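Here are my notes on the model. Please read them with the structure open.

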Amino acid sequence: MPERKLFPGSAQIIDLARARAVRAQIRRPRHHGARSPRWVLVLGLLIGLAGGIFLTRLLTGSELTQYRDGSLLASGPLARVLNEQLVGHASDKAAIRVSATYRARAGNYCRQFSIAGTQSLSGLACRNGSRWQLQTLLSGVNAPSPLELNKYISGPALTAVAETQLRSHDWQ
């Protein structure tokens, strides 16, 4: 067998697995902490969720009416005022005021109200089960006309004593 000559330092031994790992590290730098795309995505989702919850809570209950089963019903602050406020007992800063309570032709009760604001409204709502159904809703400060009221009510406005008793019995 012929003799081989060895030349020291002429060949370099390369660990391919290590070279691949180093190359992968160079191509894909590590992301640490808040700069990680995963953290940015999670943070964005949390901010969106919190904003959605905040807006939902802000808007829920602030609408004055809702349309349900073919009827316009009092909702939110308007429903609360119609249920609780006695005629003449609104604070000076109240945006919604009840001006009269009547017995309806059907035997239930109706309340005349006005809403102050950028667009003033006035109307008549009658109790229908446990809800207040709007019979009239007019833009402006004009109250429903006597002819309009006569379609729904029978007799004069109720006294403060009768109104207090009705409120304590949930308008029944």
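1. Is W39 buried or exposed? W39 is exposed, at a relative accessible area of 54%. The cut-offs are under 20% for buried, over 50% for exposed and in between for partly exposed, with a 1.4 Å probe and protein chains only. W39 sits in helix α2, residues 37–59. Helices (H or I, at least four residues) and strands (E, at least two) are DSSP runs, numbered from the N terminus.

2. W39, V42 and L46 make a nonpolar surface patch of about 320 Å². Patch members need over 30% relative accessible area and no salt bridge; nonpolar side chains (Val, Leu, Ile, Met, Phe, Trp, Tyr) are joined within 5 Å, and like charges within 9 Å. Areas come from the Shrake-Rupley method with a 1.4 Å probe, and for residues only the protein chains shown count as cover.

3. Now the basis and the confidence. This is a predicted model in which local features need pLDDT of at least 70 and side-chain atom pairs count only at pLDDT 80 or more, while totals for chains, interfaces and linings use all residues. Residues are numbered from 1 along each chain as its sequence is written, and side-chain values use heavy atoms, with hydrogens and water left out. The predictor's confidence in each residue, pLDDT, runs from 0 to 100. The chain has a mean pLDDT of 79, and 76% of its residues reach 70 or more. Confidence is lowest in α2, at a mean of 68, and highest in helix α3 (residues 76–84), at 92. Where pLDDT is low, the predicted coordinates should not be read in detail.

4. On the overall layout: the chain has 5 helices and 6 strands. From the N terminus, the order is α-α-β-β-α-β-β-β-β-α-α. Buried residues make up 24% of the 172 residues. The chain exposes about 12900 Å², with carbon and sulfur atoms supplying 58% of it. Contact means heavy atoms within 4.5 Å. Among contacts between residues at least 6 apart in sequence, 38% join residues at least 24 apart.

5. How many salt bridges does a search of the whole structure find? The search finds 2. The criterion is a side-chain nitrogen of Lys or Arg within 4 Å of a carboxyl oxygen of Asp or Glu.

6. One of them pairs E163 with R111, with the closest N and O atoms 3.0 Å apart. E163 lies in helix α5 (residues 160–168) and R111 in strand β4 (residues 109–115), so the pair ties together parts 52 residues apart in sequence. E163 is buried at 2% relative accessibility. R111 is buried at 0%.

7. D170 forms a salt bridge with R127, and here the closest N and O atoms are 3.2 Å apart. This pair also links distant parts of the chain: D170 is in the segment after α5 and R127 in strand β5 (residues 121–128), 43 residues apart. D170 is partly exposed at 43%, whereas R127 is buried at 4%.

8. Please check the backbone in the segment after α5. Most residues other than glycine have a negative phi. D170 has a positive phi, near 55°. W171, found in the segment after α5, also has a positive phi, of about 60°, although it is not a glycine. W171 counts as buried, at 3% relative accessibility.
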